[in-house]
Amino acid sequence: MPKSLDAAFALEVKTDQLHIINQFSSSVMQLDTVEELLEYVTSEVVSRLGFIECVIYLADDKTRTLKEMASIGTASSHDTYHIDRTEISFDQGITGYVASTGKPLMIGDVSQDPRYIADSRPALSELCVPLVYKEKVLGVIDCEHPQKHYYNDAHLEILSTVAHLLSAKINQVRTVEDLQQTVMQLNDAQKLERCMLQIANLTYQSSELDSFFESLHGIITSLLRADNFFIGLYDKQLDVLDLVYIIEEGVRSNAHKKISKEQLKDTASYYLLNIDQSLLFTKEEFQQHIDAGHFKMVGRQAESWLGVPFKVNERISGVIAVQSYSKSYHYDEHDRALLTYVSRQISMAIDRQLSRQELEHRALHDELTGLANRSLLIERIKHAILRLARADKRHQHALLYLDFDRFKSINDSLGHEVGDHFLVKICELILGTIRNTDTFARLGGDEFAIFMENITDKQQINDALERIQQVLAEPLDIDGHLLQASTSIGVAFCESSRDQAYKLLQHADAAMYEAKSSGRGKVKFFNNTMRKKLKNHADIENDLQHGIEHNDFELYYQPIFTIQDAQVVGFEALVRWHHPSKGFVSPNDFIPVAEDTGQIINLDLHLLELAAKQIAKWASEGKAFGKITVNVSSRHFASLDFVAQIHALYSKYKLPLGSLCLEITESGLIGNLELATKIIKGLEPLEVKLCLDDFGTGYSALGYLHQLPIHILKIDKSFIDHLNKAHNPLVDAILSLAQSLKLDVVAEGIETEKQLAILKQTQCKFGQGFLKAKPMPASEAEKIITQGL
């Protein structure tokens, strides 16, 4: 052939090659996925180059293997071309050799090459080129032909160029896919972070569990599929699983579903709670557990099931579970981690609500009996009174105010534990007699109340009272002690929405005191006489502060003298109230009111100041008055402020040391024994003495006497009254006890010569009473100081 013809043919071949490559390059640029690229390349190689087959393998760097990704052939009798070996190691065959070396290989006769591994359709020649990008082997393009020496240099050149373009495009597509995956992961991470924050906020902000679960479900379904979703709480004591929130195939069930003991053992939830670990099942794995007898199928079988247990406290645990019915959606470890986080938030939310409920219950209920307390009772009375505005006029409410008789004596003689058990038992008995709509409350100590709403007939009250009396009729065995319970009851009614809760309580309380003063186990209904007493009480309460501010109170002084020779050793200061409109008001009328209202604190401080002024006056005049004893409330012995107040009086009026004596009742002192001791020690530098008034009338005096920080005992007048005929053994016992404790004794209420004569025969040193002198103004007391009795 002439050289000109050879050159022309070579140019034509080259032009044809360039055309193929240009067209390939242009088409490759339009494709966006690796799958499309590989299918396009194999198809073009066979159709444009005249090959009968082409296979593209991509490399797996971790396993160093080639995996068949696309293949095509024209000589196969089958509809679709396939090869036997879809995975080849880097150290196997010609294809593996090219992948491991990164060099193309063209073999004219593969039968002479030991590396050749025959396929289902053996070949005689093979052309294999690597897919290389920046020295990294991405895969190979492998072409085989049944004729020897079929492939030539032109084929090698074109296929190498195609491989170069394909490698660059694969890298580009993978880079884009990686970027898209990264962006997707970042978006998912941001979404997950937002959802986690929402869940955490829900946990601490939700005040109601149902709305918390509903919001939680909405967040979870934005992160994973949940055709079925439920939250169950398991009570170990009751052995019941309560499904507190349920979504069944996308539909919310509004009612709680309780799984009974019989059904519970057959559920996957119970199995999960028992093994105390999360479970992730496919449909097949779920069936395997059923076949193993771990649980039974309950409801429709899911394609994927995920459940996570959680613990609220020692009694309550729970489970959260999701199910997918879609064959294309299965839960994974990421979902398990998410649901585990959610389960912890649910646990905290439930624990917070249970704690809040417990605190609310404690705030509104009595700790010992579990009954409603005063606050809850008043709240219910208020709401009930408001409802009277819409109720039938026949409806009214009633309040029964109960005080258990002799409870203090049981407490003091048998101990507080027995007393507590006694109270609890009585409450249990009474609780069984009242209606479900009634409120049984403990007001404090041994005082209780029963609020009965919507009474249409007063006979309902009489029936309730009869039931209470019947249930308390029989003695009770409390810790081996046979105790008889009885209660004094006051009853008051409210009929109008204009009534007030505190007034109803006040009226029932007043009726109870009337019942108590009538004897044990009595009942009194509030009436107009009691109403007048309450009004008088209220008037005194209002006038007390005015009386202090306007000096309506005066101290009278009753001498304390020696029994043997009637020498005055001091005075007891007794308060008198000269009311501007009512005239003289007895201490028996206003002292209890002052104690009840707390005004006794200011009144006592006012009287102590009056006494200090009088002491300062007599001291400056050189009068030998001894000591002035002032009665003070036990309320002062509940605060160390009292020490500072007495020190301030001594400092202000420059009182002589030991010139002031404080008198308190034994019950008041015993109630604050530890603090009272600190207070008396705080007054020791002033030589202030403490006198125990009405000794012997309480229940605990003898048991506590050796612990009390006192200096003087006063024998109560009730004991002295019985000295008219002979010695009183109790008086002798008190005197002997006082002598052994080195305490001075004052016998108060000496009214006859006979009483004084008997006392002269005892060890009692001091006395006080009308026989020698009644309480008198300061001006008359001055005469006794100078002239004697």
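What follows is a short briefing on salt bridges, grouped by where they sit.

Keep in mind that this is a predicted model. As a bit of background, side chains of opposite charge can pair when their charged atoms come close. Here, the structure holds 29 salt bridges, and a handful of them are picked out below.

**Pairs within a helix**

- Glu44 and Arg48 join their side chains in a salt bridge, at 3.9 Å from N to O.
- Both of these residues, Glu44 and Arg48, belong to helix H2 (residues 34-49), where they are four residues apart, or about one turn of the helix.
- Arg48 is partly exposed, as its relative accessible area is 31%.
- Further along, Lys535 pairs up with Asp539 in a salt bridge, and their closest N and O atoms are 3.2 Å apart.
- Asp539 and Lys535 are four residues apart in helix H15 (residues 528-549), so about one helical turn separates them.
- Lys535 counts as exposed because its relative accessible area of 53% is over the 50% cut-off.

**The Asp60 and Lys67 pair**

- Asp60 and Lys67 form a salt bridge too, with 3.5 Å between the closest N and O atoms.
- Lys67 has a relative accessible area of 34%, so Lys67 is partly exposed.
- Asp60 is also partly exposed, at 22% relative accessible area.

**A network**

- Salt bridges can link up as well: Glu572, Glu663, Lys714 and Glu748 are connected in a network of them.

Key
Residues are numbered from 1 along each chain as its sequence is written. This is a predicted model: local features need pLDDT of at least 70, side-chain atom pairs count only at pLDDT 80 or more; totals for chains, interfaces and linings use all residues. Side-chain values use heavy atoms; hydrogens and water are left out. A salt bridge is a side-chain nitrogen of Lys or Arg within 4 Å of a carboxyl oxygen of Asp or Glu. Helices (H or I, at least four residues) and strands (E, at least two) are DSSP runs, numbered from the N terminus. Buried means under 20% relative accessible area, exposed over 50%, partly exposed in between (1.4 Å probe, protein chains only).
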